[in-house]
Amino acid sequence: MHIPDGYLSPMTYIPSYVVAVPLMAYGIKKLKGELNDQTLPLISSLAAMSFLIMMINIPIPGGTSGHAIGAAAISILINPWIAFISISLVLLIQALIFGDGGITAWAVNSLALGFVASFVAYYSFKVLSKLNENIALFISGWLSIVAASFVVAVFLGIQPVIAHTPDGKPLFFPFGLEITIPALVGSHILYFGAVEGLYTLLVVKFIEKIKNPFLKGSIKDV
């Protein structure tokens, strides 16, 4: 789901940096407030797991592939702001070292896979956990990645409209919303949402099982 360089017009990625940078600055401030001897190993471990699962692409019919994110687990266990920063840093490393995702598209990727996925997971879990915690964990993970895929689909799908030649030829990503939304959102509803939901359920229950003292008192307030 990482958008590479060359797919987004400057009219898209420049404003996305304007939006993302202040949010990241606030997220880093929240991260500094949470870091201590107990939280640092947990945050580092969860970020490392996100890095790993985002590198494991799962083939799907049609010759494409996708991956889980891991944002929901960090968001539910710790804080959505910290999940946003963790995923953004993972995306930056993947873009700089592995060429997985573009530098110009980093802000858009961070807003979708980091910010949107983390906050959708956090608030959906907060509502659904009153009914059943295990189901809430799975659905929160599923919703988080489906929401992220919708944002990516919209950013890609609007490119032919906002950046094209006088005769209408797209200058960047060539396919419109009628293609990007079914392709991206549909595959995440059917495949990757289930993977993200299962990952979220297993990771959160495991961390709770080993009784990390930082997690006492249930989900933390934003």
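## The nonpolar surface patch

Helix H4 supplies the largest share of the nonpolar patch, four residues. This is a predicted model. The patch covers about 870 Å² of surface. Its members are Leu 52, Met 55, Ile 56, Ile 58, Ile 93, Leu 96, Ile 97, Phe 98, Ile 103 and Val 195. Two elements give two or more residues each: helix H2 (39-55) and helix H4 (80-98).

Ile 97 is one of the patch residues. Ile 97 sits in helix H4. Its relative accessibility is 60%, so Ile 97 counts as exposed.

## Overall fold

The protein has eight helices and two strands. Read from the N terminus, the order is α-α-β-β-α-α-α-α-α-α.

Now the dimensions. The C-alpha atoms fill a box of roughly 60 × 35 × 30 Å along the principal axes. The radius of gyration is 17 Å. A compact globule of 222 residues would come out near 17 Å, so the value agrees with that expectation.

## Burial, surface and contacts

Of the 222 residues, 49% count as buried. The accessible surface comes to about 10500 Å². Carbon and sulfur atoms own 71% of that surface.

Among contacts with a separation of 6 or more, 76% join residues 24 or more positions apart.

Ser 9 lies in the segment before helix H1 (10-34). Is Ser 9 buried or exposed? Its relative accessibility is 0%, and the cut-off for burial is under 20%. Ser 9 therefore counts as buried.

Leaving aside residues up to four places away in sequence, Ser 9 touches Gln 159, Ile 162, Ala 163 and Phe 172.

## Aromatic pairs and a cluster

The model contains 13 aromatic pairs. One of them joins Trp 81 and Phe 84. This pair is edge-to-face, with 6.4 Å centre to centre and 65° between the planes. Both residues lie in helix H4. They are three residues apart, about one turn of the helix. Trp 81 has 10% relative accessibility and counts as buried. Phe 84 is buried too, at 0%.

Trp 81 also pairs with Phe 119. The ring centres are 5.1 Å apart. The planes meet at 80°; the cut-off for edge-to-face is over 60 degrees, so this pair is edge-to-face. Trp 81 belongs to helix H4 and Phe 119 to helix H5 (residues 106-128), so the pair ties together parts 38 residues apart in sequence. Phe 119 counts as buried, with 13% relative accessibility.

Tyr 26, Trp 81, Phe 84, Phe 115, Phe 119, Tyr 122 and Tyr 123 form one aromatic cluster.

## Salt bridges

How many salt bridges does the structure hold? It holds two. In one, the side chains of Glu 133 and Lys 205 meet, with N to O at 3.4 Å. Glu 133 lies in helix H6 (residues 133-157) and Lys 205 in helix H8 (residues 177-209), so the bridge ties together parts 72 residues apart in sequence.

Lys 205 forms the other bridge with Glu 208. Here the closest N and O atoms are 3.4 Å apart. Lys 205 and Glu 208 both lie in helix H8. Their spacing is three residues, about one turn of the helix.

Lys 205 is partly exposed, with a relative accessible area of 32%. Glu 208 is partly exposed as well, at 35%.

Notes. Residues are numbered from 1 along each chain as its sequence is written. This is a predicted model: local features need pLDDT of at least 70, side-chain atom pairs count only at pLDDT 80 or more; totals for chains, interfaces and linings use all residues. Side-chain values use heavy atoms; hydrogens and water are left out. Patches are made of residues with over 30% relative accessible area and no salt bridge: like charges are joined within 9 Å, nonpolar side chains (Val, Leu, Ile, Met, Phe, Trp, Tyr) within 5 Å. Accessible areas come from the Shrake-Rupley method with a 1.4 Å probe; for residues, only the protein chains shown count as cover. A salt bridge is a side-chain nitrogen of Lys or Arg within 4 Å of a carboxyl oxygen of Asp or Glu. Buried means under 20% relative accessible area, exposed over 50%, partly exposed in between (1.4 Å probe, protein chains only). Contact means heavy atoms within 4.5 Å. The radius of gyration is taken over C-alpha atoms; the globule rule is 2.2 Å times the number of residues to the power 0.38. Rings of Phe, Tyr and Trp (its six-membered ring) pair if their centres lie within 6.5 Å; planes under 30 degrees apart count as stacked, over 60 as edge-to-face and the rest as tilted.
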